[in-house]
Amino acid sequence: MNTRKRGKVFLVGAGPGDSGLITLKGVQCLEKAEVVIYDYLSDPALLEHAPGTAEKIYVGKSASQHTMEQDDINALIVKKARERKIVVRLKGGDPFVFGRGGEECEVLKDAGVLYEVVPGVTAGIAAPAYAGIPVTHRGFASSVAFITGNEDPTKAQTNIRWEHLAKGVDTLVFYMGVGNLPGITAELMKHGRAPETPVAVIRWGTKSTQQTVTGTLDTIVEMVALKGIKPPAITIVGLVVSLRDQLQWFERRPLFGKRIINTRSRAQASALSERLRDLGAVVQELPTIEIDTAASASAMAAPIANIDKYNWIVFTSPNGVEAFFTALLATWGDIRALGNARIASIGPGTSAAINAYRLKVNVTAEEAVAEGLLKSLEAAGPWTGKTVLLPRAEKARDILPETLQRWGAHVTVAAAYRTVRPTFLDPSIKDAIINNNYDLITFSSSSTFDNFVALFTTEEFSRTAPALKAVSIGPITTTTIRHYGIEPLIEASEHTIPGLVTAIEEYFKK
Ligand code: SAH
């Protein structure tokens, strides 16, 4: 007998779109996958649960565009399983709800391949939930049906028993029904459903681009045409739809649907992007800064070798913290090399980076700018004869070292890192900016703005500048933006990432 493991196929429901709506078991399957065969509707972010070494095969099926025929997909799944692989067949929503999961199982059964099915959150429940529509409700609906809208209702031998559905089920949920909406609504009314029955059509349910249109059986076709709703969308018919007025929440979040471009460096973008997305924004990242620490190794070598000679280490950015500790640990391999140096930080983000090394901050700036830090440092004086290390960006303002020196300190400025301009700019984001197709663009430092400008030709920038919807993290960045003749729409009063987010929320509240 062959002792090697047998292959196995897990048919996993990926959920409707929001990448958090996959089950724990679905994630566990992905984590052990050797092959992932996935569809059009599942969010590509889900693939990150699978090991980097797993083979990922896109067989994307959408109504208009068949990348691979079902027979070929079936054959592929069987083939991979026979290679003794752990195969995850990832399907949008639930694999057994209009997902042809049943057919795939039949094929696997016939081929003698082991399989398991991991249910998913189906769009017919999730999209209404995110639109504030419970599919059942004690007062409004005791039954619900999932119906394919893919069948032309006017064809002679329809499988859908309209006469029973129209009056026999309280809530009707149609999948794939946008194209056939005129036929569906006509058929329901013809078979006795009241024309004033509420109807909602939800496109891209659970995603930050969710769109919901409501009306009644006799108006919804017009409303959908008016709003230009296209697939994929769920249509839900029944009294429960009226609850949306009261219960909707997803589309009411403060930044829902706002398109915000985040220009922070790739390494730092995610904290800001995450906060904005949690509030409902559609965030695109356009990193204008990359951090280069290679060039600064020599500048850091001497201070690191003599690190126990310093009374103070003053940090002015999370990047400086990372670069410093990476160099320190590379040389000493032991955090105690720091000795008794006291530590100062310019703000909460920098302090968090320091705390991550299990170190406390002795002095934090009152206000997160160099002047604010100086104020707090002054109170921690006297500075006469003190040795201070300032690991920071290659280019930075001189006010900190100059003032400390004036107070009598011996200051070593070490270029811990250098910010460089990325060479690649996603052309679709550039187009969106030039064509004013976004709501806000955030700048969290002067260099993000300088580098942003450099991504455009002079002609492009002169077209873009007058309408630029810039958000500035604070006065220094604002001065830089004004230098280009642009007035930022927003300046954060607290000069931190949370402060920036609060300022954006306030702006949209008005
Ligand atoms: N197995 C999937 C359904 C596949 S059929 C599930 O259980 O959800 C494809 C149809 O599902 C689309 O035409 C659309 O009607 C619906 N659908 C899938 N994802 C959707 C989403 N995020 N928002 C609205 N409808 C969606």
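Visitor: Which residue in β3 is the bridge partner of Val-35?
Guide: The model is predicted, so local features need pLDDT of at least 70 and side-chain atom pairs count only at pLDDT 80 or more, while totals for chains, interfaces and linings use all residues. Residues are numbered from 1 along each chain as its sequence is written, and side-chain values use heavy atoms, with hydrogens and water left out. Strand β2 (residues 35-38) and β3 pair in the parallel sense over 4 bridges; two strands pair if DSSP finds at least two bridges between them. In β3, the bridge partner of Val-35 is Glu-55.

Visitor: In what order do the 5 strands of the open sheet lie?
Guide: Strands (E, at least two residues) and helices (H or I, at least four) are DSSP runs numbered from the N terminus. The edge strands, each pairing on one side only, are β3 (55-58) and β5 (114-118). The pairing is parallel, and the order is β3-β2-β4-β1-β5.

Visitor: What angle does the direction of helix α1 make with that of β5?
Guide: Axes are lines fitted to C-alpha atoms, for helices over the stretch in contact, and angles run from 0 to 180 degrees between N-to-C directions. Helix α1 (residues 24-31) packs on the sheet and touches β1 (8-13), β2, β4 (86-91) and β5, where contact means heavy atoms within 4.5 Å. Its angle to β5 is about 140 degrees.

Visitor: Is Gln-210 buried or exposed?
Guide: Gln-210 lies in the loop between β8 (198-203) and β9 (211-216). Its relative accessible area is 3%; with a 1.4 Å probe and protein chains only, under 20% is buried, over 50% exposed, and in between partly exposed. Gln-210 is therefore buried.

Visitor: Which residue's side chain is joined to that of Gln-210 by a polar contact of 2.7 Å?
Guide: A polar contact is a pair of N or O atoms within 3.5 Å; within protein, one must be able to donate a hydrogen and the other to accept it, and residues adjacent in sequence count only if both atoms are side-chain atoms. The backbone oxygen of Tyr-130 lies 3.1 Å from a polar atom of the Gln-210 side chain. The side-chain partner at 2.7 Å is Glu-251.

Visitor: How much of the ligand's accessible area does the protein cover?
Guide: Backbone N or O atoms lie 2.8 Å from a ligand oxygen at Asp-94 and 2.9 Å from one at Ala-123. Accessible areas come from the Shrake-Rupley method with a 1.4 Å probe; for residues, only the protein chains shown count as cover. Of the 550 Å² that the ligand has on its own, the protein covers 91%.
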